[in-house]
Amino acid sequence: MTQYKALQIMRLMEANYPQAQTALQYNSIFELLLAVMLSAQTTDRQVNDTTAVLFPLVREGPQAVLAMGQEHLEKLIRSCGLYRQKSHQIFKTCGILIEKFGGEVPGNLKDLLSLVGVGRKTANIILGTAFGIPAFAVDTHVMRVSRRLGLAVSEKLSGIEAELCALLPPACWMETHHRLIAHGRRICRARHPKCAACFLEDFCRFYAENRLIDTIGPADKAKEV
Ligand code: SF4
C-alpha cells in the first residue's frame, strides 16, 4: 500500500473515531501496567470494574501488591478471568519492579519485556501511553483490520508491527492503534465484518477481493483473514 492511500485511511479513521485513547482507567504508570496486564481476554469495562476496587488498595505501588499477598490478589481480580495466571504474573512483576527498577515502571522496551507477563503489545502500550515514546502495539484487532485493509500483509504480530511502523508516521502510531481496535470491535469484526456500513470499503483490499461474495450470501462473508 502507498503512504498516500494509508494516510487517506488514517484521515477517515480520525474523522470517525476522534477519541483515540484507551478506555482503561488509571492514575499512575504502575496502575496502567496492571490494567493492561489484567485486560487479556476480557473487556475494558470489566477491567475498570476490577481496578476500581483494586487500585485504592495498591496506591503505594508494587510493594502494596506484595504485601497484599497473591491469594488476596487472586480474589480481587477473579472477575477478569485467567485470574491465577494474571495474579502470578502481576506478583512476579511487582517483585522485579522493586528488585531491579526501584519500584518504578521502566520506560524502555528491553526492561519492560523483562517483566513477567509483559509482551511486546503491553510494553508498546505502556511506552506510547505513559511515556509518549512512539510505539505501535499490535493486538488481534489491529492485526485483522490492518491485513484486511491492506495496510500490512504479515501473518505475525511482530511483522504487522514492523510494516505499520514503516508505513505510518510515528506521531500517529498510538492513535492508529486505538482507532484500528475501535474499528475492529464495532465494524470490522472477525466473523461478520459489517462491510455495508463501513466507511473504508473504497480502500479495503478484503472488500475488493470479496465483493462478489456479497451477491452469494452474507454467510460467506464470514471468511476470516
Ligand atoms: S470494508 Fe469490511 S473488511 Fe474492509 S475494513 Fe470495512 S468492515 Fe473491514
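Let's start with two helices: helix 3 (residues 44-54) and helix 5 (residues 70-77) pack with their axes 9 Å apart, at an angle of about 140°. Axes here are lines fitted to C-alpha atoms, for helices over the stretch in contact, and angles run from 0 to 180 degrees between N-to-C directions. The helices themselves are DSSP runs (H or I, at least four residues), numbered from the N terminus. Angles under 35 degrees count as roughly parallel, over 145 as roughly antiparallel, 65 to 115 as roughly perpendicular and the rest as oblique. Helix 3 and helix 5 are therefore oblique to each other. On the helix 3 side the contact (heavy atoms within 4.5 Å) is made by T50, V53 and L54, and on the helix 5 side by L73, L76 and I77. Five of these residues are nonpolar, one is polar and none is charged. In this sorting, Ala, Val, Leu, Ile, Met, Phe, Trp, Tyr, Cys and Pro count as nonpolar, Asp, Glu, Lys and Arg as charged, and the others, Gly among them, as polar.

A quick word on what you're looking at. This is a predicted model, in which local features need pLDDT of at least 70 and side-chain atom pairs count only at pLDDT 80 or more, while totals for chains, interfaces and linings use all residues. Residues are numbered from 1 along each chain as its sequence is written, and side-chain values use heavy atoms, with hydrogens and water left out.

Now step back to the whole chain. The domain assignment gives domain 1 (3-18 + 137-222) and domain 2 (29-130); bounds like these come from an automatic or database domain assignment. The C-alpha centres of the two domains lie 29 Å apart, and their contact takes seven residues from domain 1 and seven residues from domain 2.

So where does the largest pocket lie? Domain 1 and domain 2 both give residues to its lining, so it lies between them. A pocket is found on a 1 Å grid over the protein atoms alone, as an open set of points with protein on both sides within 12 Å along at least five of seven lines; a cavity is a set where a 1.4 Å probe fits but cannot get out, and lining residues have an atom within 4 Å of a point. Grid points are joined across faces, edges and corners, and a volume is the space filled by probe spheres set on the points. For the largest pocket that volume is about 690 Å³. Its lining counts 26 residues, and A23, D44, H178, I181 and R185 are the closest to the centre. Helix 11 gives the largest share of that lining, seven residues. The pocket lining splits into 10 nonpolar, 10 polar and six charged residues.

Helix 11 also packs with helix 1 (residues 3-16), at an angle of about 70° and with axes 10 Å apart. That makes helix 1 roughly perpendicular to helix 11. Here M10, M13 and E14 in helix 1 meet T176, R179, L180 and H183 in helix 11.

H183 turns up again at the largest cavity, where H183, C188, C195, C198 and C204 are the closest to the centre among the 14 lining residues. This cavity has a volume of about 100 Å³, and its lining has 10 nonpolar, one polar and three charged residues.
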